[in-house]
Structures are given as C-alpha cells and as structure tokens.
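Please examine the sequence and the structure below before reading on.

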Amino acid sequence: MNYFMNANKLYQLYLQLYKKHGDPVNLWPQWCAKKKDDVLREIIAIGAILTQRTGWRNANLALKNLKRESLLSLNKITTLANLKKLAELIRPAGFYKTKPKRLFTFASFSVKEYESLKDFGREDLETARNKLLDLYGIGPETADTILLYALDKPTFIIDEYTRRFVKQRKLSQNLGYDNLKQFFEQNLPKDVIIFQNFHVLIIVEQKGIKHSLMEVV
DNA sequence: ACCCAGGTGGCCC
DNA sequence: GGGCCACATGGG
C-alpha cells in the first residue's frame, strides 16, 4: 500500500497549507483553542452530530434554537427524553426522525457514564472511540470529530472534504475510511495539534472560507 | 424546479 | 464485507 511512501511529503504539504492560510487557531478559534472548558467541548460534540450530512448554516440554526432555550448542554438534552421538543428545536438540521435520537443517545451515554466530557476524555483513545462507535447514530466521522476537537485526542477525521482533497491531489487511490485515516496518521507526526490544524486547512483550502463554520459559542 | 450540504444504519448479495 | 439507498431541511 502507499503508507510510509511519502511521510515527509505529506508533512511538507501540511506546512505549505499552513503557510498559505495561516495558523488555524485564527481561522477556527473555538475548535483549535488550546484551552477548552466543558461547555465548549459539549457544543463541539453536539455540533458534530447536528452537522451530519447537513450544511453548517442549518446546523447553526439548530444550535441557536437550543441556546435560546438554554438547552445547549448534554445535561439539558438528557431531560428531553420524549424527543418531541428536541426534534422541534433541531429541525433545521434535518433528519428529524433520527437526529434527535442520536443526540439524546450520545448525551445520555455521556451524562450517565461520566462526570463530564473531560472525564470521558480520560479514557484512552481506542476505548473511547469504540464506545462512541457502539452508540446509535455515531459513525467513524462523528466519533473522530468528537475525539479530535471536543476531547483533543490524536485521531484523524476523514470527511468529504478530505476525500476530495486526496482525490484531487492523487495522494491515495483507496478512499475507504480506515485506509485514508491510516494514510494520514502514519505519514504525519502523531500530534493532536497537527491533526486538528491539517483538517481545518483542508476545509479552508477546499472551500476558501476563512472563518469558523460554527457560529454559536 | 432543481442541487447541494463535514453521514449513518439498514438493507441486499 | 462491500455496495447501494433513504433520510429532511433551508438556501442558492
């Protein structure tokens, strides 16, 4: 396979994007913040679920609705067990039959099993990742987004932007999730900051946007 | 009226 | 185990 073939080349590409677009902490200040409090960690995790197969404009509308009702926290979301109110508030994010259940399932897991998201973050990466993947509605991309940005764990996110980026630059033939994830992780220093930055830089490079996609903080 | 947007689980074979 | 497919909304 093409692992290990161009370790330095991929890192050079990262540095090139960094030079072109600047430090991602200035582009996505919340997601790349060095210090995150639990409130921010929870909002990032909630945002990761709301934005599944959905534009950020719509995910933001859902986040704003939750914030307006003072329900933008995992604890508060667990109080909405009948899902009707939750469905109503996050409706702009689409998929009203599945997303409320997904959000509630994740919130319940976190609140029941752990003191806080930071507490969940004390689990080692593989354990935490497997627990997330066991939850209804959390697939590899959402799990890795929560791990990388909400919990600051060194795991690489593969999303549509990453696939397009890899395809356009012909970095790898195999575009499967696990294959691409290994490709990035094995050809870069295992550093959470680099993983976070690279992912932001790929999106900025692909979309040309210069600001955080998540408006609510 | 179309098309798209940071996926996932449930089918089918 | 890989390859399809439905799923919902708001904005261009």
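## Domains

In this predicted model, the centres of domain 1 and domain 2, taken over C-alpha atoms, are separated by 24 Å. These are the two domains into which chain A is divided: domain 1 covers 7-31 + 156-207, and domain 2 covers 38-150.

The two domains meet through nine residues of domain 1, which are in contact with eight residues of domain 2. On the side of domain 1 that touches domain 2, six residues are nonpolar, two are polar and one is charged.

## Overall fold

Chain A contains 13 helices and zero strands. The radius of gyration of chain A is 17 Å, close to the 17 Å that the globule rule gives for 217 residues, so the chain is as compact as a globular protein of that length. Along the principal axes, the C-alpha atoms of chain A fill a box of roughly 50 × 35 × 30 Å.

Of the contacts in chain A between residues at least 6 apart in sequence, 68% join residues at least 24 apart. Buried residues account for 32% of the 217 residues in chain A.

In soluble globular proteins, nonpolar side chains tend to be buried together. The largest nonpolar core here has 49 residues, and those touching the most other members are Leu50, Ala62, Ile90, Leu103 and Ile146. At least three residues of this core come from each of domain 1 and domain 2.

What does Leu50 touch, not counting residues up to four places away in sequence? Its partners are Ala59, Ala62, Leu63, Ile90, Ala93 and Lys99. Two of these partners, Ala62 and Ile90, are named above among the core residues that touch the most other members.

## The surface near DNA strand B

DNA strand B is surrounded by 20 residues, of which Gln52, Arg53, Gly139, Glu141 and Thr142 are the closest. By class, this surface has seven nonpolar, nine polar and four charged residues.

Which helices each supply at least two residues of the surface near DNA strand B? They are helix H10 (140-150) and helix H11 (160-168). H10 gives the most, with four residues.

## The surface near DNA strand C

Around DNA strand C there are 13 residues, and Pro92, Gly94, Phe95, Lys97 and Thr98 come nearest. Sorted by class, the surface near DNA strand C has four nonpolar, five polar and four charged residues.

Terms used
Residues numbered from 1 in each chain as written. Chains lettered and ligands numbered in written order. Predicted model: local features only at pLDDT ≥ 70, side-chain atom pairs only at ≥ 80, totals over all residues. Near = placed C-beta within 6 Å. Nonpolar A, V, L, I, M, F, W, Y, C, P; charged D, E, K, R; others polar. Core = buried A, V, L, I, M, F, W, Y, C linked by C-beta atoms within 7 Å. Buried ≥ 20, exposed ≤ 12 C-beta atoms within 10 Å, placed from the backbone. Domains from an automatic or database assignment. Contact = placed C-beta atoms within 7 Å. Rg over C-alpha atoms; globule rule 2.2 N^0.38 Å.
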